[in-house]
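This report goes through one protein model, from its overall dimensions down to selected residues. The sequence and coordinates come first.

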Amino acid sequence: MWPWGHLAVAYLFFTVVTHRRFGRPPRAWPAIALAVGSQTPDLIDKPLAWNFGVLPGGRTLAHSLFAVACLVPVVLFVADRLEARVIGVGFLVGYGSHLLADIPPAVLSGEFAYAAYLLWPVLEQPPEDPVAGIFDAILHYYTMGPYEWVQFGLFAVAALVWYRDGMPGLGLISASLERRLGVES
């Protein structure tokens with residue numbers, strides 16, 4: 001799944017849960033943590049596999065449930081110490097949604113080998129086409145088929161919902177950029 005697909009799935013899930021549980025849209029910091037969490041597995045695995053050859057594939061270490069089992073208590077411990085549990089939960093929801101969204105549609109038809117990454121290194125995942133780095137993947141590895149167009153559609157829906165929710169997180173990011181760039185509001 002492309003980065004915007006992961007972001008869309010994470011945000012749509014998070015906003016539905018937040019609206020149902022609290023009767024309001026997501027807050028800024030949890031939404032930012034959610035966005036970061038939704039990208040983190042690929043930001044770890046893809047460079048380590050494709051650029052440095054340390055991992056056997058782009059869905060291994062950070063995509064494994066074993067990594068999640070270690071990550072969850074650490075994130076919650078740190079978030080609790082910082083009195084920011086809701087931010088930690090936002091990150092973990094984004095991270096978890098990434099792993100679930102990476103399960104390809106082929107699994108629905110019984111091809112479970114494509115979800116083997118969830119139990120890496122116990123289960124070996126199917127071989128990947130060789131990739132000569134991140135930029136090669138962007139230019140050649142990914143194709144635009146129906147699955148990718150669905151992701152664009154999800155992203156468009158998520159962008160509209162995010163806008164309806166008051167664009168949580170945008171104000172914090174733009175204020176931070178303005179301070180760093182010395183721009184007056």
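The sections below cover the basis of the model, its fold, its surface and a set of individual residues.

## Basis of the model

The model is predicted: local features need pLDDT of at least 70, side-chain atom pairs count only at pLDDT 80 or more, and totals for chains, interfaces and linings use all residues. Residues are numbered from 1 along each chain as its sequence is written, and side-chain values use heavy atoms, with hydrogens and water left out.

## Fold and dimensions

The protein has 7 helices and 0 strands, which gives the pattern α-α-α-α-α-α-α along the sequence. Helices (H or I, at least four residues) and strands (E, at least two) are DSSP runs, numbered from the N terminus.

For 185 residues, a compact globule would have a radius of gyration near 16 Å, and the 18 Å of the protein agrees with this. The radius is taken over C-alpha atoms, and the globule rule is 2.2 Å times the number of residues to the power 0.38. The C-alpha trace spans about 50 × 35 × 35 Å along the principal axes. Of the contacts with a separation of 6 or more, 67% are between residues 24 or more positions apart; a contact means heavy atoms within 4.5 Å.

## Surface and charge

The accessible surface of the protein is about 11100 Å², and carbon and sulfur atoms hold 70% of that. Areas come from the Shrake-Rupley method with a 1.4 Å probe, and for residues only the protein chains shown count as cover. Buried residues make up 38% of the 185 residues. Buried means under 20% relative accessible area, exposed over 50%, and partly exposed in between (1.4 Å probe, protein chains only).

The protein carries 11 positive and 14 negative charges, and their mean positions are 15 Å apart. Lys and Arg count as positive and Asp and Glu as negative, while His and the chain ends are not counted. Each charge is placed at NZ of Lys, CZ of Arg, CG of Asp or CD of Glu.

## Annotated transmembrane regions

An unreviewed UniProt entry lists residues 59-79 and 140-163 under "transmembrane region". UniProt positions are given in the numbering used here, feature names are shortened, and annotations may be inferred rather than shown by experiment. In the model, residues 59-79 are 71% helix and 0% strand, with 26 Å between the end C-alpha atoms.

His6 lies in helix 1, which covers residues 3-22. With a relative accessible area of 0%, His6 is buried. Leaving out residues up to four places away in sequence, His6 touches Met1, Ser38, Gln39, Asp42, His98, Ala101 and Asp102.

Thr18 is also placed in helix 1 and counts as buried at 6% relative accessibility. Beyond residues up to four places away in sequence, Thr18 touches Gly23, Arg24, Pro25 and Pro26. Gly23 belongs to the loop between helix 1 and helix 2 (28-51), and at 63% relative accessibility Gly23 is exposed.

## Backbone exceptions in the loops

Most residues other than glycine have a negative phi, and most peptide bonds are trans. The peptide bond from Trp120 to Pro121 is cis, with omega near 10°. Pro121 sits in the loop between helix 4 (85-101) and helix 5 (134-141).

Glu83 has a positive phi, near 55°. Glu83 is in the loop between helix 3 (65-81) and helix 4 and is exposed, at 75% relative accessibility. Met167 also has a positive phi, of about 55°, although it is not a glycine. Met167 is in the loop between helix 6 (146-164) and helix 7 and is partly exposed, at 29% relative accessibility.

Glu148 is in helix 6 and counts as buried at 13% relative accessibility. Apart from neighbours within four places in sequence, Glu148 is in contact with Trp2 and Thr143. Glu148 and Phe66 are 82 residues apart along the chain, and their C-alpha atoms are separated by 28 Å.

Ala175 is in helix 7 (residues 170-181) and is partly exposed, at 28% relative accessibility. From Ala175 to Leu61 the C-alpha distance is 35 Å, at 114 residues apart in sequence.
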